[in-house]
Each structure stands twice: as structure tokens, then as C-alpha cells.
Amino acid sequence: MATTEHDYYELLGISREADEQQIKKAFRRLARELHPDVSSQPDAEERFREVTEAYEVLSNAETRQLYDRYGHAGLRGGGFTPSHFDFGTLSDLFSAFFGDDLFGVGARSGRTRGGDVAAQVEIELEDAATGTTREVPIEVAVPCATCGATGVEPGTAPVTCTRCGGAGRLQQVSQSIFGQFVRTQACPECGGRGQVVEHPCKDCRGAGRVVEERTLEVTIPAGIHDGQRIRLSGEGHAGALGGSAGDMYVQVQVREDPRFVRQGNDVFSTVDLNVVEASLGATRTVDTLEGQVELEFAPGTQPGELRVLRGKGMPVLQGFGRGDHRILVNVTVPRRLTDEQRRLLEEFDRLSHDDTYKADEGFFDKLKSAFR
């Protein structure tokens with residue numbers, strides 16, 4: 001019995017008036033959530049055992065009545081011991097309790113979905129802006145052509161499993177003061193298939209699959225972000241014995257571009273003007289994602305000024321429109337001056353007055369709008 005005596009009704013999330021169908025439905029939901037086949041939660045296994053114990057008690061009329069009247073102490077006094085056995089897969093669990101299969105496929109078929117495949121590609125920021133294709137080499141399990149994915153050597157046939165008699169499952173019946181408990185598990189001899197392959201295929205060694213090297217062409221959409229994954233359905237490992245294939249996931253790494261910084265769908269870059277160019281105005285060639293463009297900078301351009309090229313940023317992934325390209329002006333100040341240069345700057349300073357450095361009206365409003 002569970003070391004911590006939780007209320008069984010609370011564990012299943014049902015009321016004390018719940019009927020048999022409500023108990024079964026609650027347990028199915030929690031089993032799908034907590035079974036080790038599907039859950040990565042650190043306490044999933046313990047919680048799974050608790051809800052399994054709760055279902056064992058509440059699904060049986062006699063143990064439920066004993067629990068309702070006397071609680072956990074009544075169960076211990078009545079000799080109840082929870083079943084601690086390995087259900088194997090989630091499908092085995094449902095078959096053991098309800099006589100059905102979770103995935104709608106009999107255990108004897110042996111068909112299981114193939115595993116997923118992961119790959120990684122690196123592209124440039126400009127490729128992410130336009131979209132591109134890449135060839136990705138992978139090693140993947142494919143159906144064996146020799147045996148048709150059956151795992152059986154051509155010209156031979158599997159034989160009925162002698163241990164389970166072809167049922168694919170073994171049942172163990174135990175007696176208690178409350179009646180019989182039936183435990184069902186997949187036959188370990190045939191793996192639940194009901195048949196044993198005495199002459200496995202020589203090419204795939206009975207697996208029904210062989211490993212093959214492939215090269216897939218992956219289409220990378222425009223606007224993709226660094227670290228995003230592309231899913232290629234059905235391009236993973238082939239399933240066992242004719243089961244459906246898994247998927248392929250391609251993670252896209254976008255290399256950093258020394259010219260640009262990406263933020264969302266916007267692109268940022270800088271342009272350097274010296275003091276004279278910023279004061280008198282200048283024309284500069286700047287890089288964009290679509291090539292170089294010439295920009296005019298008016299006399300009196302200030303450091304930190306932003307020039308916004310609307311619609312010149314990254315495309316919206318699987319959407320419409322583009323972000324902006326924002327160019328930050330950096331004004332470089334001379335670090336070393338000759339005597340003549342120093343004299344001229346001092347002369348310039350002497351001739352300057354308040355209007356020389358007067359800010360434009362609405363400068364801060366323009367600055368704020370540039371960051372929107």
C-alpha cells in the first residue's frame with residue numbers, strides 16, 4: 001500500500017458518489033498523464049502507483065465498501081494488498097484492466113510507430129531573410145525490402161507461440177478474501193505477437209527494418225528564427241512490422257551576422273560619421289538584407305540618431321509583411337590632433353554661439369518614435 005495514505009477519491013479527482021464509469025474514466029485520464037511511457041514528471045511513477053492503487057480499491061465493490069466504512073485501516077485489516085506488478089506499456093495497462101488496447105491495435109500485431117529523427121542545419125541571416133533549401137544527410141531505419149518488413153525469411157512462416165498458445169498474453173489469477181484478481185501481461189516469449197519467428201530474415205535479422213543513409217532536401221521558410229525546428233512528417237524511422245514511420249525534426253541555427261543584430265522581425269545596424277560629416281552632411285553606403293543602399297545624412301546629424309528603413313527587415317514567418325531596418329548613427333570624435341587641427345577647433349569654438357548647438361524642435365519626440 002502507498003506509504004502516504006492519500007484519499008483515493010481525491011487521487012482520482014472524483015466524488016464519493018462516483019459510479020463505475022466515472023471511476024474508470026478518471027483512471028484512464030490519469031494513466032495517460034502519469035504512465036512512464038508518456039510522462040517526464042519527476043514524481044510521475046509514484047503518483048501513477050497511487051492512482052493505480054486507488055483504482056484497484058474503488059473499482060471493486062467489496063474493497064470500496066470496506067474503504068468507505070473504515071478507510072485505509074479497514075483495508076489493512078481485511079488483508080488487502082495492492083498489486084505491485086509491471087504493466088509494461090500504457091497499452092498493456094489498459095488491456096490488463098479493461099481488456100482493450102489504448103491505440104486500437106491488438107498486441108498481437110506487434111506494430112509500433114517508428115522513432116523520430118533529429119538533425120541540424122546552419123544558415124546565414126540573409127538565407128533566413130529570403131528562405132532557402134538545404135540537403136540534410138541522415139541515417140534512418142527503413143522497411144526491409146527482402147522480407148517486406150515482416151522479419152521472416154522469404155519462403156518460411158512464423159509458428160504459433162507455445163507459451164501463450166497464440167494469444168500474445170499471459171494471465172495470472174490470484175485469490176484473496178475479496179475474490180479473484182486477474183493480472184495480464186504480454187507474453188515474454190513472443191513479445192505479445194502470438195507468433196515466434198524461427199527463421200528470421202538474414203538481411204534485417206528479424207527486425208523487419210534496415211538502416212539506410214538518405215539525403216533529404218529541407219525547405220527553410222523565409223523569416224525563420226534561430227533555434228526553431230521544422231517537422232517533416234513520416235520521414236523518421238520506419239515502424240516495427242509495418243507500423244507508421246516517425247517524423248524528422250530539423251533544428252535551424254542562424255549564424256550571427258557581424259553587420260546586423262536581429263530583434264524579432266527588425267534588424268539593427270550602425271553607420272559611422274566623423275564630426276565633419278555629421279556637421280556638414282554626408283552620403284554613406286550602408287548594407288541591408290537586400291544589398292547596399294545610399295543614404296543622405298543632413299547637416300547637423302546627431303550621434304544616436306536612428307534612420308528607419310520601413311519594410312527592410314525580416315519577413316514575418318508564415319505571415320505577411322516585414323519588419324524594419326533601423327540604422328543607428330555613431331559620430332566618431334578625433335582622438336589625436338595636430339597643433340594646427342587643435343588651433344582650428346579652438347577658433348571654431350570661439351566663433352560658436354548658442355544657436356550653433358541648438359536642438360531641433362521635437363527632437364525627443366522623433367527619438368521616441370524611432371524606437372516604436
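Contact here means heavy atoms within 4.5 Å of each other. The model is predicted: local features need pLDDT of at least 70, side-chain atom pairs count only at pLDDT 80 or more, and totals for chains, interfaces and linings use all residues. Residues are numbered from 1 along each chain as its sequence is written, and side-chain values use heavy atoms, leaving out hydrogens and water.

**View 1. Helices α2 and α3 pack against each other.** Helices (H or I, at least four residues) and strands (E, at least two) are DSSP runs, numbered from the N terminus. Helix α2 covers residues 20–34, and helix α3 covers residues 44–58. Their axes lie 10 Å apart, at an angle of about 165 degrees. Axes are lines fitted to C-alpha atoms, for helices over the stretch in contact, and angles run from 0 to 180 degrees between N-to-C directions. The two helices are therefore roughly antiparallel. The crossing of α2 and α3 is left-handed. That means the near helix is turned anticlockwise from the far one by less than a right angle; clockwise would be right-handed. From α2, the residues in contact are Ile23, Lys24, Phe27, Leu30, Ala31, Glu33 and Leu34. They meet Ala44, Arg47, Phe48, Val51, Thr52, Tyr55 and Leu58 of α3.

**View 2. Tyr8, Tyr9 and Tyr67 form one aromatic cluster.** Rings of Phe, Tyr and Trp (its six-membered ring) pair if their centres lie within 6.5 Å; planes under 30 degrees apart count as stacked, over 60 as edge-to-face and the rest as tilted. The count by this rule is 3 aromatic pairs. One of them joins Tyr8 and Tyr67, tilted, with 4.7 Å between centres and 40 degrees between planes. This pair links distant parts of the chain: Tyr8 sits in helix α1 (residues 8–12) and Tyr67 in helix α4 (residues 61–77), 59 residues apart. Tyr9 and Tyr67 have ring centres 6.2 Å apart and planes at 35 degrees, so this pair is tilted. Tyr9 is in α1 and Tyr67 in α4, so the pair ties together parts 58 residues apart in sequence. Buried means under 20% relative accessible area, exposed over 50%, and partly exposed in between (1.4 Å probe, protein chains only). Tyr8 is buried. Tyr9 is buried at 2%, and Tyr67 is buried at 5%.

**View 3. Glu56 lies in helix α3.** Glu56 counts as buried, at 7% relative accessibility. Glu56 and Tyr8 are 48 residues apart in sequence, and their C-alpha atoms are 9.9 Å apart in space.

**View 4. Ala149 and Arg205 sit in loops.** Most residues other than glycine have a negative phi. Ala149 has a positive phi of about 70 degrees. Its loop runs between β2 (132–143) and β3 (159–160). Ala149 is buried, at 9% relative accessible area. Arg205 also has a positive phi, near 60 degrees. Its loop runs between β6 (195–196) and β7 (209–220). Arg205 is exposed, at 76%.

View 5. Gly281 lies in the loop between α7 (275–280) and β12 (282–288). At 24% relative accessibility, Gly281 is partly exposed. Arg307 lies over the face of Phe297, at 5.1 Å from the ring centre. A charge sits over a ring if NZ of Lys or CZ of Arg is within 6 Å of the ring centre and within 35 degrees of the ring normal.

Notes:
Angles under 35 degrees count as roughly parallel, over 145 as roughly antiparallel, 65 to 115 as roughly perpendicular and the rest as oblique.
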